[in-house]
Amino acid sequence: MKPAPAMKPIVTRFAPSPTGALHIGGARTALFNWLYTKHMGGKFLLRIEDTDRERSKDAYTAGILDSLTWMGIDWDGEPVSQFSRVKRHQEVAAQLLAEGKAYRCYLTKDETDKMREELVAQKLPQVILSPWRDADPETAPKDVKPSIRLRAAREGATLVNDLVQGDVAFPNKDLDDLIVVRSDGIPTYNFAVVVDDHDMGVTHIIRGADHLTNAGRQTQVYQACGWELPAFAHIPLVHGPDGAKLSKRHGAQGAPEFRAMGYLPAALRNYFARLAWSHGDDEIFSTEQAIAWFDIKDVGKSAGRFDYVKLADLNGHYIRATPDGELLGHMARCLPGIATYGDLVAALDPKVKPETRPDLMLMKAVAEFRPDIKTGADLLAAFQAKGWDKLAAALPSLKERAKTMCEMAQGALYLIAERPLKLDAKAQKQVEGEAKPALLALIAKLSAANDWNATALEAIVRQQADETGTKLGNLAQPLRAALAGRTVSPPVFDMMAVLGREETLARLRDQTA
RNA sequence: GCUCCCUUCGUCUAUCGGUUAGGACACCAGAUUUUCAAUUUGGUAAGGCGGGUUCAACUCCCGCAGGGAGCACCA
């Protein structure tokens, strides 16, 4: 039998710049690369684009890697630092120069800025035509450090064959000679990217559509170097709910914020996979399924809008589907990332609706319920002090009714209430009047309960309802109010079971005293 | 201004020349119910506009309009 033709495994990469946290749009780009690579059985590489020495920070790199790991996205090999490859970039530039495919340009930044200004004023395309392209190098000024520009074609068009966007042509007359190395000797982004992608053996470049025009420029570099072009796939951007590029006024942007808002990595993966990509009518699918199904040819071209409501719905599904132990782990990772209520409010862009920030809603509730707890970390500590096992016991009734980890924590606040509870106005009403004698009767019966579990407790309360000819709700609501301090809570019998006999009875007595 | 991209329910999308234009979220109504959820049944809701091509167009072509992205010695 003849062996199947050896197929060169694909190589993809994600190349964030370490100038901040992992942007959620970047996370999606990484996800698409990752899904495609896993689907094709290739290698997924990471490159840190740290040539901007002013803004790049090692802490950001660490944060980005941590966020990717949290998202469940892994990569092959060690991340490559672009800055560490400057020498190599310069070598290639020198080679281009030697071959006449690039030239030294003695135009200063000030001069080109001015030229550009004039072009804009005259409403002309902003194409800088350097006089040094064909000038005699002998006439070069001695006191100006030159940049190196690519001697790009002026006629015809540069074609980008894109797996998502199709064939896109850029007229060469609209592309000026790309600066490949700045006058300070540092290579520019569009040049370094090509050299690095080539050297790393990248076969498929999957990135945001905002890079489409860069693909034109980079294609010219590939051609000048005589290198084989990779396949390009420019995936549509994610826009804010108003259709504009995702920015501060749309709220959260960084992956860590999504973690702090209580979203699960699995939900985020599922949600982002469905933006601009689909597999028939499938909406909720596992990562394994996504890998099996994912193909670039099924990626659409139009930008999608970020929909927190749909994300929340998916997140709810994943919360319900996640085993309790794992969920507790997510809780422990989520809470410490939450700032104080005051800070959250202060950081909120006025255009962002507070309801779309689960972390803010949680801290608001905390501020009312336990003013002594200031940050998410404090809240976590409070849960731990009360006993992590209490939270674990409460989880089953909590996860049914939460869309985010923050909502779940909010539902669990009854665990850490301090006696006597401060009931909110609606809850207060529930424990007054006729409720008082009913509660007193219940206290007596509950004290005598043999078994302290939800079913047994429910039986006792139901019995009293039957005996007194009242509806169960008339007893359950006062109980709820007394135990949780609110009129909305997890099921009362679950709360009683989790709180235990002593605490339950104490809270009930507090309200009947 | 120049270049490039996009346009199906409010949102994410299916459709790949012939469908009652399907699904999901959201929304509305009913069921269930100790609150809130969850679950479940049903419902409202879409092919930007104008021209072609074709027996037939959401689907192909052209124009217009609207939206988006890019236009640095940033990445």
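Helices (H or I, at least four residues) and strands (E, at least two) are DSSP runs, numbered from the N terminus. The structure is a predicted model, in which local features need pLDDT of at least 70 and side-chain atom pairs count only at pLDDT 80 or more, while totals for chains, interfaces and linings use all residues. Residues are numbered from 1 along each chain as its sequence is written, and chains are lettered from A and ligands numbered from 1 in the order in which they are written.

**Backbone geometry**

- Most residues other than glycine have a negative phi, and most peptide bonds are trans.
- K123, in the loop between α4 and β5 (147–150), has a positive phi of about 55° although it is not a glycine.
- K123 counts as exposed because it has 6 C-beta neighbours inside 10 Å; the class exposed requires 12 or fewer other C-beta atoms within 10 Å of the residue's own, buried requires 20 or more, and partly exposed lies in between, with C-beta atoms placed from the backbone.
- A276 is buried, since 21 other C-beta atoms lie within 10 Å.
- R419 and P420 are joined by a cis peptide bond with omega about -10°, and P420 is placed in the loop between α16 and α17 (425–430).

**Nonpolar cores**

- A nonpolar core is a set of buried Ala, Val, Leu, Ile, Met, Phe, Trp, Tyr and Cys residues joined through C-beta atoms within 7 Å.
- The largest such core has 111 residues, and those with the most contacts inside it are L31, A267, A409, A412 and L483.
- Helix α1 (residues 24–40) supplies the largest share of this core, eight residues.
- A second, separate core of 21 residues includes A102, I148, I179 and A224.

**Helix α11**

- L327, H330, M331 and C334 are buried in helix α11 (residues 324–334).
- These buried residues line one face of the helix because, seen down the axis of α11, they fall within an arc of 105°, the arc being that of the directions from the helix axis to the C-beta atoms.
- The exposed residues G325, E326 and G329 are carried on the face of α11 turned away from its buried side.
- The buried residues of α11 pack against α7 (255–260), α10 (308–321), α15 (388–399) and α16 (405–411); contact requires C-beta atoms, placed from the backbone, within 7 Å.

**Strands β1 and β2**

- Strand β2 (residues 43–48) is largely enclosed by the rest of the structure, because five of its six residues are buried.
- Strand β1 (residues 11–14) runs parallel to β2 and is joined to it by four bridges; pairing requires that DSSP finds at least two bridges between the strands.
- T12 stands opposite F44 in β2.

**Surroundings of RNA strand B**

- Of the 67 residues around RNA strand B, S17, E49, Y189, K245 and S302 come nearest; a residue counts as near if its C-beta atom, placed from the backbone, lies within 6 Å of the strand.
- Helix α20 gives the most to this surface, with five residues.
- The surface near RNA strand B divides into 23 nonpolar, 22 polar and 22 charged residues, where Ala, Val, Leu, Ile, Met, Phe, Trp, Tyr, Cys and Pro count as nonpolar, Asp, Glu, Lys and Arg as charged, and the others, Gly among them, as polar.

Note on methods:
Two residues are in contact if their C-beta atoms, placed from the backbone, lie within 7 Å.
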